[in-house]
Structures are given as structure tokens and as C-alpha cells.
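Trainee: Can we walk through this one together? I'd like to start with a loop.

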Amino acid sequence: MTLVAIGINHKTATVDLREKVAFSPDKIHDAMKSLAKETQTGEAVIISTCNRTELYTNTADEAAVIRWLENYHQVSHEDVEPCLYRYEGREVAKHLMRVSSGLDSLILGEPQILGQVKQSFVKAKEAGTVAITMERMFQNTFSVAKRVRTETEIGAAAVSVAFAAVSMAKHIFSALSATKVLLIGAGETIELVARHLKDNGVDSMVVANRTLSRAEGMCEEFGATAITLEQIPDYLPQADIVISSTASPLPILGKGMVEKALKQRRHQPMLLVDIAVPRDIEAEVADLDDAFLYTVDDLQSIIEQNMASRREAAEQAEIIAEEESHLFMEWIRSLESVDSIREYRTQSMAIKDELVERAINKLAQGGDSEKLLLELANKLTNKLIHAPTQALTAASRQGDLNSIGQLRTALGLDKN
């Protein structure tokens, strides 16, 4: 059997095709059972996210895996085939390690993929489609991903707008836990900002949104206060940090509103981060004393610098994945050698048992014990040296000195 991985991802296929070959959480359990049965190995793990679908099996029939994927999702070979990538043997382990470490992600170094891979592995175990090979490969992979996070800086630098906004706030305020934050908007980006702020100890957050119920739903998770956009002037003077991200076509914070708030704050500085396109905060706000306005363009330069830092860390992570995949294949080969030793021993014992049984039967019929003992020794010797003799003869005829040397070492003819 050979380790095989078949996949399709954001680099090789459109969103439309990725959606067609994705596996829903409620069907993936049965899908893995079906794939394991189809490949006749009993081992199969499926990783399915918005950006990738990958099938990991322990089979020599790569074509069978592809046919199964096409049949399961009722997609044509012509549509799927050009978008597939394939890995075999050590490259399977290396690819899985790269994926789990965020090296193959849309955003380099993103940590969410590791959790998704772990979830897939748990589901495969529940489906009973994990045996010794997949167990070892995935457990090794999780260790590699942890090592990459520990030994490199791949996850240290901000590469999302939300994280960059919070990182900027951390540079300006020595302790974010002592700040009061006003978030404008209640979409995915602001939710991510709120999560980063919470992780940095911020307890005082107000979320302003056009739809109050949407803001209230988000506030429950972070212990924040929900208000409407109309209430912003009442809360703005208390805000040390304002981060805004809405889909409004017009600015929500004007220069006059911010100027009035700063007077009420007795000119204590205020950080405003506008990550909306088009802008939520009028550009003229930057002209006010004690108002420090940053836009998405300012954050983008930070993100680009941090991406460069991640790329450097990724080079170190690639070396780790390369090393660890070689170690995994050494373990695979050790399994193969154990199997070979067990098979060779079983074969030798069977030959011995057969010849001993014949000798005992002849002895029971009155045969000469000394002659029978000599006959047993000769026959057993001839049987055991038959295969090695044939191998040595074939290697000698072909002039294969390398094989001759290996055989002599294995047979104990060349001892140090």
C-alpha cells in the first residue's frame, strides 16, 4: 500500500468548483467510510474547508480515489481532473504538515487550519477509518504544527486588518486593559477586532450599529454595550480608541462630532482607526489636535511588512516539514522491515515444522535415527539457503556488485 493524497484548493480551482466537491459536516462521517471501503484499505481522512478538499488514503490505486470523488459529488472528470493535485509517499506527509502549519493557506501562517485538520481527524476516528499509518501521520503532523508555532515567528506578526488595528493600539497605549473602546459596525471584521481586544484584556467596549439587535448579539460574547449609530455622540467622549468598519456609503464620524468630543475629554488623545472602504471617518479629523487617525492604507503597510516577516519564518517552517516527513517515512520503512522479518521468520518456522514432522514419522516407522537426523539437517539447510543462493547467483550474473555486497552483509559473510 502507498500513502496517497488527492486535493483541490484555492490555488487550483474556483469557488464554484470548490463548493461542488466540499463535504458538509453531517455527511463527512459516511463519506470517509465510503472512501475507506472503496480503496479497500480501511484508512481514509477527508479534510474539507471553504478553501480546500483533500482526501488522504493508504492505497496503491490513485485513480480509484479520483473516481470515488467524482462519483460521490456527481462531477465530471473533465471539470475536476485539471484542478487536482496529487501526492504520494513522503510527499503526502510533507503536504499535510505544510497545510496544518499554515504554509499552504490563503493567508500565510493562519492558525485556524490546524483546528480544522484536528476536527477532520477526530471525525475519521469516529468513523473507524483510521489505523496505525494515519494515526501516526496525523499525530506527527500535530507535533510539527506545534513545533512551527514554537520555533518560528510565523504567527507573531499581524496579517489581518483587524489584528493590525489592535496591534497599532497596543503600540500607542501601554496597557489596553485600561482603555475604553468604541467599535462602529457589527460585521465580521469588527467581531474579529473585538475578539483581539478581549484577548488583550479590554473589558470596556461599546458597539454601535445601525441594527441594534445585530450589535446586541455580538455584545453577549464580549460583555460589551450595544448602541445605535444615533447614540454615538453620547458615547464618543468616553472613548480612548475608536475602530470603525461599516458598509456605509457616507462618513459616520465627521470632524465636528470628533472635535466636540475632544473638548469634552479635555483634549485627552483619541486613537481613531478607520478600516472601512469607503471611509467611515472624515479625513479632516486628522487635522485635529489630539486626534490620531489611521486608515486601512496605513494598516496595509504594516500588514505588508509583517507578511515579509512571515515569509522568512515560513522558510524555517519548510525545513521543519522536510525533516519531519523524512522521519515519518523512516518509521514507515521500519514497519515494513518488521513485517518482512515476521514473514521471513514465519516462513522458516513452517519449513522447519514440515521437515521435523516428516522425520518424526519416519522415526516412528523404525527408521535409523542417525541417518534421519543427518537428512533433517541437510534438507533444512538446503531449504533455508535456497532463496539467498538464487539471489546471489542472479546478482553475480548481472554484475550487480551493490546487491552482492548487501546480500553478503545480510548473510553474515562480511563481518567487521
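**Loops and a helix pair**

Mentor: Arg 266 sits in the loop between α12 (255-264) and β9. Helices (H or I, at least four residues) and strands (E, at least two) are DSSP runs, numbered from the N terminus. This is a predicted model: local features need pLDDT of at least 70, side-chain atom pairs count only at pLDDT 80 or more, and totals for chains, interfaces and linings use all residues. Residues are numbered from 1 along each chain as its sequence is written, and side-chain values use heavy atoms, with hydrogens and water left out.

Trainee: What is the phi of Arg 266?

Mentor: Positive, about 55°, although Arg 266 is not a glycine.

Trainee: Is Arg 266 buried or exposed?

Mentor: Its relative accessibility is 72%, so Arg 266 counts as exposed. Buried means under 20% relative accessible area, exposed over 50%, partly exposed in between (1.4 Å probe, protein chains only).

Trainee: New topic. Which residues does the cis peptide bond join?

Mentor: Val 277 and Pro 278, with omega about 0°. Pro 278 is in the loop between β9 (270-274) and β10 (291-295).

Trainee: Now helices. At what angle do α8 and α9 pack?

Mentor: About 40°, with their axes 8 Å apart; α8 covers residues 161-172 and α9 residues 188-199. Axes are lines fitted to C-alpha atoms, for helices over the stretch in contact, and angles run from 0 to 180 degrees between N-to-C directions.

Trainee: Which residues of α8 make the contact?

Mentor: Ala 162, Phe 163 and Val 166. From α9 come Thr 189, Leu 192, Val 193, His 196 and Leu 197. Contact means heavy atoms within 4.5 Å.
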